[in-house]
Amino acid sequence: MPARVTSDAFIGRRVELAQLDAALMTAAHGPGTACQAGLVFVAGESGIGKSRLVDHFAERAKAGGTRVLWGDCIDLGDSELPYAPLVSALRSLVRSGHPVFEQLGPQRAELARLLPELGTPGDLIVEPYAGSAQGRLFELLLMLFEKLSEESPVLLVIDDLHWADRSTRDFLAFLARNVCSQRLLVVSTFRVDELHRRHPLRPFLAEIERTERASRVPVERFTLEEISEQVAAILGAQPDEDLLDRVWARSEGNPLFAEEILAAEREGDGTLPESLRDALMLRVEALGEMTQDALRWVSAAQRIEHDVLEEASQLDPLELRHALREAVAHHVLASQFDGRIAFRHALLREAVYDDLLPGEVGELHLRLATVLEERLAASPCIGLDQAAEIAHHFDAAGDQPAALRTAIRAALTAERVHAEGEAAVFYERALVLWDRVVDPEALAGCDHVDLLSRAANANQFDYSRCIHLLKRALGEIDEEREPGRAALLLERLGKARWNSGKGQIALEAWDAALALLPVVPPSKERAQLLAAKASGLMLWGRYSDALEMADEALEVADAVGARSVRIHALNTKGVCLRGGGDTSRGFATIREAMAMARADGDVDQLLRSYLNLSDALHFTGDTHAARKLLVQGRKEVRELGRRANWLAIQQAEIAYDLGFWDEADELVPLELGRVTQGTTRVFYELTRASLSLGRGDNADARERLVIARDLVARSYEPQWHAPITAMLAGLERRERNIVAARAAIRMGLERLTETEAMADGARLARIFSSAAGVEADAAQQARDLGRPDDEAAAVAAARAYADQAREAASRTFAAAMPEAAAMVLVAEAEAVDATGTPDPELWARAADAWAAIDRPFRVARVRWREAEASLATGDRARAEAAGSDALALATRLGAAWVIEELTALARRGRLRFDVPPQAVADAAARPATPSTPTTPAAAVTDPAAELGLTPRERDVLALVAQGRTNRQIGEELFMAEKTASVHVSRILAKLDVRSRTEAAAVAHRLGIEGDDSVAVA
């Protein structure tokens, strides 16, 4: 009977356990009534007891009715095992026949790509524009955990996260952004002493721990009292002080080291080990020779099934069982959740493996690889773990031909579940091995160019590496002998360059590809390339070039009978025709594409047709028809079994413009943002940002706009950069940050004006209109602060931007768009405002233009500006009429920001705005939206001081801005009414204004206002 070498008692960790219990309680029951899923990272040095803590916590959770799933990350050196802990955790559910997989319906086949035990794998169904196939797999996994959590809370444990593959890290990042009310808690452990400066887990943790769902539980060393308790539990009695002092001094509070030192004292020769590794090896060397031999095999395998160990080691079956029992009894080995044998602690495995002789390492790995390879012969489908492990073992054994062959197979297996990062690792290894073996093409099943191409595809999100690999592949091809192959590589090179923000040379690559493909005879490949380039040019706003290329694509597609390419090209052509001002032909062409897609069951192109046609209707002013079309489209696409997220977001955008904000809210719920990726996520964030800006929630709008901006950082598409630029600039204007607003405008214009061929004048007009407004504010701020040079520069810039807006809107595409014309009117009004002599009539014309196409929020905004201009020119009656109209619209919509501005205007101008009772009732029934207070401009640290106002005068000015009389100011600031009057006179002189109303306006513009508000009748 072996002496006990580990404690059965759970020592200390009360604080850490309480933190984990609290996280599980929140996930299972929520802080109130709603559950809140979460991620917890348990961090500590090697041997500190992280896994022991989590194991104890998991046992308690399981006893309380929580389903526990456990997965371990595997250290395969330079290799990566895709989704290793997830596959390990879920495999036990599959083998037990859990009914949750039947509930997935047709999606079961999609998930079988990750878990072959579920049956024949099916293709991952990815919605157009929704992102990657890996994203779809993540959605399926989230759905699986959600269904499991409906039955009981779920605890997913991922041990040794420092060895995690990239796909597992990406999935955890996905969970951090997308979990919500699922009863799910993910607990991961990692070694802090493993995280060197370039360890991939460092940036991952830095990003993920900033989310509200994630937290860290640090695990520290034991105190002397806890070491004493641990030693007593192992010995069964209190230790004497000398023994305790020796264990404490050498272990320094590391629990695992303390156990090994104690074992060395009791079972060794009395010599204490100098290091933890020495202590661990003393534990192993105390075991029988057969047991030590078995441990060497397990150390090479890391985790292994019993029959594989028996076959590989060729040890006597009975003796092997005895050896394994001895190792388990001495707490060296343990059985895992999936039934495999592994070391109780990774440090034990590392110690045994590091003790192997060089010859032993190659022998063990080669034998393991051979046995695993032979067992695959009877398996119809190779698993992720099998492919990666076999490749790893052959590589570690130094068998380079087999390593090349199996690396290719492992890469292909990883690609099957779209684990591109892991596939890239294996392809890169194959590239290294290529020149070291005889007849590499026979081993790899492909030539070197094909291998480079596959590696480039696996590195598709590492643009620089992808481009480098594609250029290498092109350098090895004889374009005259293989023009088609070279053209396909050039097409991919162009795409990689486009995605990396190098639009012009991307077009050059596509042109080079087209030059290689003969015009005669026509080919489907040429038609596809033409249609793809036409679509890219269209998205870039180069409508004339795109139209020409779409026509050519149609001609080639018709010649070769490529009907699907024809539908694609028709869709693009319709948008380009509309862009060229031929609206009726554009509509007809898109409808033709829609009819063909419907007849062929081509859901992707049917969805694209609905998007393009509704977009065209919206921008040409028939927004209600666009909304009706989208309702129809969503219904049809859903009936065809596909999601219609993009159509829903487009309908929400249109509903927002029409003033149906509650409808927009329902169409883009918060949950939708958690399951969208790619450009769908961009569209979603922009639509939500519009709602937040309208309602005055500046903080939420800023967060969403930054997310969208980062997602399209390498794009040149006007459909994204125009709204991002305009909204960011508008947000900075609200917060009186002229410097930041100008920076936003500059960045957007740089992105969209890189090429003169960009013809999307309507979206450019939107940016120029916003820019004119920024400069109008800058001119007024300079006037308020007495900076004539800055004022003159801003006035000139505002005028220039207004002129550019008019020029952009005069382009053929924009000329057919009433929205562009309204933007120009706004820019003209802003430019006149910049001079300090606003014209109410210009604002009225802009309001009428927006009203003609039913844009109530924009009408409210410009009516408010009309009221401001009217007050400045002394027309109080017009100011009250315009202000009342604006307030009625803003109140109906719930546009808190406009309501606040109108309230401030009424207060400082002593105006009376009348609001219809129904608008007030509608506003009262709507949930309140928190309004974000504005902040002074970053460039003006203290505007009151810069104006020469004393702190006391600043307080007086704030009360003037609130509409206080001299008597009220005196009462509030404890001064005589006459003293208050003197302060007001000095303030008017310093501000160079003639009235209290003008002084209040200056205070409002510079943010020198109190928080009190005055009710508006």
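The model is predicted, so local features need pLDDT of at least 70 and side-chain atom pairs 80 or more, while totals for chains, interfaces and linings use all residues. Residues are numbered from 1 along each chain as its sequence is written, and side-chain values use heavy atoms, with hydrogens and water left out.

User: Why is Phe41 called buried?
Analyst: Buried means under 20% relative accessible area, exposed over 50%, and partly exposed in between (1.4 Å probe, protein chains only). Phe41 sits at 0%, so it counts as buried.

User: And what makes strand β1 largely enclosed?
Analyst: Strands here are DSSP runs of E, at least two residues, numbered from the N terminus, and helices are runs of H or I, at least four. Seven of the seven residues in β1 (38–44) are buried, so the rest of the structure largely encloses that strand. Both faces are covered: Leu39, Phe41 and Ala43 are on one side, with Gly38, Val40, Val42 and Gly44 on the other.

User: How do you know that β1 and β4 pair?
Analyst: Pairing takes at least two DSSP bridges. β1 and β4 (184–191) have seven, in the parallel sense, and Phe41 bridges to Ser188.

User: Why is the pair of Tyr83 and Phe138 called edge-to-face?
Analyst: Phe, Tyr and Trp rings (the six-membered one in Trp) pair if their centres lie within 6.5 Å; planes under 30 degrees apart are stacked, over 60 edge-to-face, the rest tilted. These two have centres 6.5 Å apart and planes at 85°, so edge-to-face it is. Tyr83 and Phe138 are also both buried.
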